[in-house]
Amino acid sequence: MIEAFLSRKTVATAEDMQMQLELWAYIIAKHYGISLKEVHEMSPETFQQSLTWAFVGRSQEEKGMKRHKFIKIKLQKTL
């Protein structure tokens, strides 16, 4: 069920929307190191802000990893 949801490109049903909210809750919990229970207790405003910052943090981590790989390749070529 989860794999089927993740393979879809759009959120089409109420069940899909619930799965999307659970995915976002998981992302927030993982980012902040808190439980899903704590995420579910957040106000909608706090949930939205936390999700935004979790996505920003994730994006910055990915940029850092790409930069790290680029530097590593450059160093290997110069050695």
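In which helix does S50 lie? S50 belongs to helix α4, which covers residues 44–78; helices here are DSSP runs of H or I with at least four residues, strands are runs of E with at least two, and both are numbered from the N terminus.

The model is a predicted one, in which local features need pLDDT of at least 70 and side-chain atom pairs count only at pLDDT 80 or more, while totals for chains, interfaces and linings use all residues. Residues are numbered from 1 along each chain as its sequence is written, and side-chain values use heavy atoms, with hydrogens and water left out.

**Overall architecture**

The secondary structure of the protein consists of 4 helices and 0 strands, and along the sequence these follow the pattern α-α-α-α. Of the 79 residues in the protein, 18% are buried, where buried means under 20% relative accessible area, exposed means over 50%, and partly exposed lies in between, with a 1.4 Å probe and protein chains only. The protein exposes about 6,700 Å², of which carbon and sulfur atoms supply 61%; accessible areas come from the Shrake-Rupley method with a 1.4 Å probe, and for residues only the protein chains shown count as cover. Among contacts between residues at least 6 apart in sequence, 19% join residues at least 24 apart, a contact being a case of heavy atoms within 4.5 Å.

The largest nonpolar core contains 8 residues, namely A25, I27, I28, A29, V39, F47, L51 and A54. Helices α2 and α4 each supply at least two residues of this core, and the largest share, 4 residues, comes from α2. A nonpolar core is defined as a set of buried Ala, Val, Leu, Ile, Met, Phe, Trp, Tyr and Cys residues joined through side-chain atoms within 4.5 Å. In soluble globular proteins, nonpolar side chains tend to be buried together.

Not counting residues up to four places away in sequence, I28 touches V39, M42, F47, S50 and L51. S50 counts as buried because its relative accessibility is 10%, and, with neighbours within four places in sequence set aside, S50 is in contact with I28, Y32 and M42. The side chain of S50 also reaches the backbone oxygen of T46 at 2.8 Å.

S35 is placed in the loop between α2 and α3.

| Residue | Relative accessible area | Class |
|---|---|---|
| Q20 | 14% | buried |
| L21 | 32% | partly exposed |
| E22 | 31% | partly exposed |
| S35 | 32% | partly exposed |

Q20 touches F5 and V11, not counting residues up to four places away in sequence.

E22 and L36, which are 14 residues apart in sequence, lie 8.9 Å apart in space, and S35 and A25, which are 10 residues apart along the chain, are separated by 9.3 Å.

Methods
Polar contact = N/O pair within 3.5 Å; in protein donor to acceptor, adjacent residues only side chain to side chain.
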